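Visitor: I am new to this structure. Please pick one part and give me a close look, then show me what surrounds it.

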Amino acid sequence: ARKKSEAMGNESLFEQLGGNKGLKKFVTELYAVVTEDRRIGHYFAGTKLNEIKKSQGLYLSELFGAAGEYKGRPLPRVHAVMSITDFEFDCFIEGATKALVKAGAPADAVDQ
């Protein structure tokens with residue numbers, strides 16, 4: 001998303017979401033959706049969801065084009081022990097798409 005916005009000279013996805021406030025809304029919607037998804041919700045049961053949401057927000061902030069640098073653990077390392085399948089990853093991305101819509105992202109931002 002960041003590279004596409006930079007290459008085209010467009011607002012970053014972070015800006016399109018409304019900055020920190022919009023990103024927080026998106027992350028809240030995202031975890032509301034994925035925790036209820038019977039296909040992947042088990043990954044979040046019994047977890048420290050608030051900590052996950054905070055880390056995810058920091059990661060997405062950089063990914064979506066905000067200033068700053070994510071300094072958390074690399075996602076491949078975090079997810080390695082979880083044995084996430086391609087199908088489950090796709091389910092998460094599907095949830096992210098729904099969350100972007102619920103968070104009020106512009107239609108063209110949802111496609112990023």
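**A charged network and its surroundings**

Guide: Start with Asp 37: its relative accessibility is 14%, so Asp 37 counts as buried. That word means under 20% relative accessible area; exposed means over 50%, and partly exposed lies in between, with a 1.4 Å probe and protein chains only. This is a predicted model, in which local features need pLDDT of at least 70, side-chain atom pairs count only at pLDDT 80 or more, and totals for chains, interfaces and linings use all residues. Residues are numbered from 1 along each chain as its sequence is written, and side-chain values use heavy atoms, without hydrogens or water.

Now find the partner of Asp 37. The side chain of Asp 37 meets that of Arg 39 in a salt bridge, 2.8 Å from N to O. A salt bridge here is a side-chain nitrogen of Lys or Arg within 4 Å of a carboxyl oxygen of Asp or Glu. Side chains of opposite charge can pair when their charged atoms come close. Arg 39 has 24% relative accessibility, so Arg 39 counts as partly exposed.

Helices are DSSP runs of H or I with at least four residues, numbered from the N terminus. Glu 94 has a relative accessible area of 33%, which means that Glu 94 is partly exposed.

Stay on α6 and look for Lys 98. Glu 94 and Lys 98 both lie in this helix, 4 residues apart, about one turn. Their side chains meet in a salt bridge of 3.6 Å, N to O. Lys 98 is partly exposed too, at 45% relative accessibility. Through shared partners, salt bridges join Asp 37, Arg 39, Glu 94 and Lys 98 into one network. The structure holds 3 salt bridges.

Ile 93 is partly exposed, with a relative accessible area of 39%. Together with Ile 84, Phe 89 and Ile 93 make a nonpolar surface patch of about 260 Å². Such a patch joins nonpolar side chains (Val, Leu, Ile, Met, Phe, Trp, Tyr) within 5 Å, or like charges within 9 Å, from residues with over 30% relative accessible area and no salt bridge. The areas come from the Shrake-Rupley method with a 1.4 Å probe, and for residues, only the protein chains shown count as cover.

Look at the loop between α5 and α6 for Ser 83. Ser 83 is exposed, at 56% relative accessible area. Its phi is near 50 degrees, a positive value in a residue other than glycine.

Back to the loop between α3 and α4: Phe 44 lies there. Its relative accessible area is 15%, so Phe 44 is buried. Phe 44 and Tyr 31 are 13 residues apart in sequence, and 8.8 Å apart from C-alpha to C-alpha.

Tyr 31 leads us to a pocket. The largest pocket holds about 1,100 Å³ of space. Of its 36 lining residues, Tyr 31, Gln 56, Leu 75, His 79 and Phe 92 are the closest to its centre. On a 1 Å grid over the protein atoms alone, a pocket is an open set of points with protein on both sides within 12 Å along at least five of seven lines; lining residues have an atom within 4 Å of a point. Points are joined across faces, edges and corners, and the volume is the space filled by probe spheres set on them. Helix α6 is one of the elements that supply at least two lining residues each; the others are α3 (19-36), α4 (49-63), α5 (75-80) and α7 (107-110). The lining divides into 25 nonpolar, 7 polar and 4 charged residues. Here Ala, Val, Leu, Ile, Met, Phe, Trp, Tyr, Cys and Pro count as nonpolar, Asp, Glu, Lys and Arg as charged, and the others, Gly among them, as polar.

Terms used:
On a 1 Å grid over the protein atoms alone, a cavity is a set of points where a 1.4 Å probe fits but cannot get out, and a pocket is an open set with protein on both sides within 12 Å along at least five of seven lines; lining residues have an atom within 4 Å of a point.
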